[in-house]
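These are my notebook entries on one structure.

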Amino acid sequence: MQALVLAGGEGTRLRPLTLTVPKPVMPLAGRPFLTFMLDWLRGHGVDDVLLSCGFLAHAVEDVLGDEYEDMQLRYVHEDSPLGTAGPMRLAADEGLLADRLLVLNGDVLTDMDLTAQLAFHDERGAQATLALIAVDDTSSYGVVPTNDDGRVIEFREKQSGPAPTNRINAGADVLARKVVERIPSGRSVSFEREVFPSLVDDGVLYGFHQEGYWIDIGTPERYLEST
């Protein structure tokens with residue numbers, strides 16, 4: 001099983017901590033943060049990891065190398081920021097993508113059940129299945145309502161007032177390789193603004209209701225909370 005980890009950001013919300021140390025290898029409980037994600041992925045059958053890196057990419061490679069436990073680590077280098085979807089297109093253009101893969105935000109600490117999500121994805125015949133996690137306060141996130149079958153109805157951006165659901169995109173997606181056809185080459189592309197809405201229109205985007213621990217460590221407050 002293959003996973004593409006989006007780890008190319010500059011970690012601007014964590015500055016000055018990330019001025020010299022890239023966010024994926026920030027220390028957490030005495031070890032590089034991303035190793036927690038790698039352990040989680042390994043527990044769900046992932047053995048091939050593509051790391052999309054940009055800012056201080058060499059530092060990520062120096063720390064993690066090309067193998068972790070029994071997992072192969074390969075690197076996709078973003079010469080300029082490619083957004084959330086562009087790295088998938090770059091990996092495809094470089095001939096690296098499997099037919100089905102996980103695409104994950106590189107700043108999430110979680111124990112969500114990816115095995116169950118993969119089974120749900122296959123049962124629905126989906127092109128993409130998002131992990132949806134419940135949060136107490138949706139004001140900092142976009143929300144993702146679904147129908148009873150799990151098909152995503154719409155993406156609703158951050159808003160004031162009541163939300164149609166407390167389920168947000170948790171940054172752990174199962175994607176078919178054919179989704180690449182919807183991603184232009186050579187520029188920054190957003191899954192949330194460009195790719196996923198087209199999948200919604202075609203009725204092939206689903207959301208899987210995940211449970212468990214989940215935190216985005218992208219701010220100093222959340223980073224400290226996770227330590």
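Is phenylalanine 196 buried or exposed? I found a relative accessible area of 0%, so phenylalanine 196 is buried. Buried means under 20% relative accessible area, exposed means over 50%, and partly exposed lies in between (1.4 Å probe, protein chains only).

Before going on, I noted that this is a predicted model, in which local features need pLDDT of at least 70 and side-chain atom pairs count only at pLDDT 80 or more, while totals for chains, interfaces and linings use all residues. Residues are numbered from 1 along each chain as its sequence is written, and side-chain values use heavy atoms, with hydrogens and water left out.

**Entry: aromatic rings**

I looked for aromatic pairs and found five in the structure. Rings of Phe, Tyr and Trp (its six-membered ring) pair if their centres lie within 6.5 Å; planes under 30 degrees apart count as stacked, over 60 as edge-to-face and the rest as tilted. One of the pairs joins phenylalanine 155 and phenylalanine 196: the ring centres are 5.5 Å apart and the planes stand at 15 degrees, so I wrote it down as stacked. Phenylalanine 155 sits in the loop between β9 (128–134) and β10 (167–176), and phenylalanine 196 sits in helix α5 (residues 191–202), so the pair ties together parts that are 41 residues apart in sequence. Helices (H or I, at least four residues) and strands (E, at least two) are DSSP runs, numbered from the N terminus. Both phenylalanine 155 and phenylalanine 196 are buried.

Phenylalanine 196 also pairs with phenylalanine 191; their centres are 5.0 Å apart and their planes at 10 degrees, so this pair is stacked. Phenylalanine 191 has 2% relative accessibility and therefore counts as buried. Elsewhere in my list, Phe120, Tyr206 and Phe208 form one aromatic cluster.

**Entry: helix α1**

How many of the ten residues of helix α1 (residues 33–42) are buried? I counted seven, and the helix is mostly covered. The buried residues in α1 include Phe33, Met37 and Trp40.

**Entry: salt bridges**

My search of the whole structure gave eleven salt bridges. A salt bridge is a side-chain nitrogen of Lys or Arg within 4 Å of a carboxyl oxygen of Asp or Glu.

Arginine 31 and aspartate 39 form one, with the closest N and O atoms 2.5 Å apart. Arginine 31 is partly exposed at 27%, and aspartate 39 is partly exposed at 25%. Arg31, Asp39 and Arg42 are linked in a network of salt bridges.

I then checked arginine 167 and glutamate 211, whose side chains meet in a salt bridge (2.9 Å, N to O). This pair links distant parts of the chain, 44 residues apart: arginine 167 is in strand β10, and glutamate 211 is in the loop between β11 (205–209) and β12 (214–216). Arginine 167 has 10% relative accessibility, so it counts as buried. Glutamate 211 has a relative accessible area of 52%, so it is exposed.

**Entry: surface charge**

Which residues gather in a patch of negative charge on the surface? I listed Asp47, Asp66, Glu67, Glu69 and Asp70. Patches are made of residues with over 30% relative accessible area and no salt bridge; like charges are joined within 9 Å, nonpolar side chains (Val, Leu, Ile, Met, Phe, Trp, Tyr) within 5 Å. Aspartate 66 lies in the loop between α2 (57–64) and β5 (67–68). At 57% relative accessibility, aspartate 66 counts as exposed.

Technical notes:
Accessible areas come from the Shrake-Rupley method with a 1.4 Å probe; for residues, only the protein chains shown count as cover. Lys and Arg count as positive and Asp and Glu as negative; His and the chain ends are not counted. The place of a charge is taken as NZ of Lys, CZ of Arg, CG of Asp or CD of Glu.
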